[in-house]
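This report describes charged pairs and surface patches in one protein model. Please look at the sequence and the structure before reading on.

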Amino acid sequence: ILSHMDIERTIEFILRTQAKHEASIQKHDEEMAELRSSIASVSDLVGRLAQAEIHLVERMTSGFQELREIQAVTDSKLNALIETQANTDSKMNALIETVDKLIRKNGAGH
């Protein structure tokens with residue numbers, strides 16, 4: 001047997017508890033909205049970083065290809081220079097030998 005006062009206190013307790021729960025739910029809803037916003041920002045940032053990384057990889061790949069092409073041209077020119085130097089050395093040795101023979105021949109006659 002509950003008195004009128006007990007019933008009023010119980011109703012007040014239930015109303016206070018319900019108000020606390022509603023406030024707590026409202027706070028959680030606000031926190032969830034903030035989390036969704038943060039997740040969207042992070043997702044956007046990750047997407048932009050991925051695009052930047054893709055662009056960087058493309059540029060590096062292109063740069064390495066260009067470097068390989070330049071290296072091939074350099075190697076070709078270096079090989080041509082080595083061959084030319086070998087020919088020059090051979091011709092120089094032949095000239096030295098000819099001059100040396102002439103000097104000995106002319107020097108022996110004096």
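## Salt bridges along the helix

Arg104 and Asp100 are four residues apart in helix H1, and therefore about one helical turn separates them. Helices (H or I, at least four residues) are DSSP runs, numbered from the N terminus, as are strands (E, at least two). Arg104 and Asp100 are joined by a salt bridge, with their closest N and O atoms 2.9 Å apart. A salt bridge is defined as a side-chain nitrogen of Lys or Arg within 4 Å of a carboxyl oxygen of Asp or Glu. Arg104 is exposed, because its relative accessible area is 59%, whereas Asp100 is partly exposed at 31%. Buried means under 20% relative accessible area, exposed over 50%, and partly exposed in between (1.4 Å probe, protein chains only).

The structure holds four salt bridges. Another of them links the side chains of Arg48 and Asp44 at 3.1 Å, N to O. Arg48 and Asp44 are also four residues apart in helix H1, about one helical turn. Arg48 is exposed at 52% relative accessibility, and Asp44 is partly exposed at 43%. The side chains of Arg9 and Asp6 meet in a salt bridge at 4.0 Å, N to O. Both Arg9 and Asp6 lie in helix H1, three residues apart, about one turn of the helix.

## Basis of the model

This is a predicted model, in which local features need pLDDT of at least 70 and side-chain atom pairs count only at pLDDT 80 or more, while totals for chains, interfaces and linings use all residues. Residues are numbered from 1 along each chain as its sequence is written, and side-chain values use heavy atoms, leaving out hydrogens and water.

## Surface patches

Which residues form a nonpolar patch on the surface? They are Met92, Leu95, Ile96, Val99 and Ile103, with about 470 Å² of accessible area together. Patches are made of residues with over 30% relative accessible area and no salt bridge; like charges are joined within 9 Å, and nonpolar side chains (Val, Leu, Ile, Met, Phe, Trp, Tyr) within 5 Å. Accessible areas come from the Shrake-Rupley method with a 1.4 Å probe, and for residues only the protein chains shown count as cover. Met92 lies in helix H1, which covers residues 4–109. Met92 counts as partly exposed because its relative accessibility is 43%.

A patch of negative charge on the surface gathers Asp29, Glu30, Glu31 and Glu34. Asp and Glu count as negative and Lys and Arg as positive, while His and the chain ends are not counted. The place of a charge is taken as NZ of Lys, CZ of Arg, CG of Asp or CD of Glu. Glu30 is found in helix H1, and Glu30 is partly exposed, with a relative accessible area of 44%.
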